[in-house]
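Here is a short briefing on one protein model. Look at the sequence and the fold before reading on.

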Amino acid sequence: MIEQDGELLFDEFRGGMDANRTTNIKSASKSVLSLLIGIAIDQQYLEGVDQQIGEFFPDYFNEHPDPVKESLTLKNLLTMRTGMETTSFHNYGRWVVSSNWIRFALNRDFEEEPGGRMMYSTGTSHLLSVILTRATGMSTLQFANQYLFGPMNITVGGWDRDPQGYYMGGNNVAISTEALLKLGRLVMDGGVYNGRRLISESWIEESLEVYTHSNFNDYNFGYMWWSKPVGETYVYFAWGNGGQYILMIPELDAVISITSDVESGSGSRAYQRNVFNFLEETILPFLDSQV
């Protein structure tokens, strides 16, 4: 789906999909979680990005005191710069079959200094979901429905939970292609949707800044939003494995949402190159011609 200046210019669906059918957006869920953390700060459930995580995990740290881990901040989590070993890639299977995802993530050894190099890890973003739940007294889904999905008329088709019942932070949310387009427009409009402010503009701006760089490709990273130049145009995006995207192009006031078959895309990263080549060679010239 391609939108420019608030107008839908083009959409195409295959394989039984339509604009409102929900699908697993994989790690594009991390960008959604970033929005929720911003709302929680706006609503004063959380103090800010410099708040330390130790207070949210008293049971764990009473048994495993660690001043360095306890002093990690929400910003360390949002930018994937905790320094702790990843729970993704070669550790992902062990993490998701463990009996306690929180303990598994917090048990990781340090491989970098906190605040240093990015260590992509879904366990890190899951800690944010747990913190959100403990800070608000609502599940992550309840909070999202009240402050984000509800006001935007977005329906969740499914959302995995961990063995303790916490909604998975950063993966396996099922929403529609149209919902992704709406979320992109919300960000492009500085946190306002249909004339109603849902998130502070300052949070949107802060989220899209570049704090670090991916440890496995040439992408820049903010608060769980990616960005990179495509040709001469700068693009911000949410990204999930298999080809799930929100692509935002401020220069052209355009938002593009893409959902793809996860199974067929999960075995290869070639789709990334194909998406950005198609964006540069076909979609950007099309959008530029509409200006």
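The notes below cover the sheet, the helix across it and the salt bridges.

This is a predicted model: local features need pLDDT of at least 70, side-chain atom pairs count only at pLDDT 80 or more, and totals for chains, interfaces and linings use all residues. Residues are numbered from 1 along each chain as its sequence is written, and side-chain values use heavy atoms, without hydrogens and water.

**Sheet and helix**
- Eight strands make an open antiparallel sheet, ordered β2-β1-β13-β12-β11-β10-β9-β8.
- β2 (7–10) and β8 (212–213) are the edge strands, each pairing on one side only.
- Strands are DSSP runs of E, at least two residues; helices are runs of H or I, at least four; both are numbered from the N terminus.
- Two strands pair if DSSP finds at least two bridges between them.
- β9 (residues 220–221) and β10 (residues 226–230) are antiparallel and joined by two bridges.
- In this pair, F221 stands opposite W226 of β10.
- Helix α9 (residues 177–188) lies across β1, β2, β12 and β13.

**Salt bridges**
- The count is six salt bridges (a side-chain nitrogen of Lys or Arg within 4 Å of a carboxyl oxygen of Asp or Glu).
- R117 and E112 form one, at 3.1 Å from N to O.
- R185 bridges D189, with the closest N and O atoms 3.1 Å apart.
- R185 also meets D253 at 2.9 Å, N to O.
- That pair links distant parts of the chain: D253 is in the loop between β12 and β13, R185 in helix α9, 68 residues apart.
- Shared partners join E3, R185, D189 and D253 into one salt-bridge network.

- R185 is buried, at 9% relative accessible area (buried is under 20%, exposed over 50%, partly exposed in between; 1.4 Å probe, protein chains only).
- D189 is partly exposed at 38%, and D253 is partly exposed at 24%.

How values were computed
Contact = heavy atoms within 4.5 Å. Axes fitted to C-alpha atoms, helices over the stretch in contact; angles between N-to-C directions.
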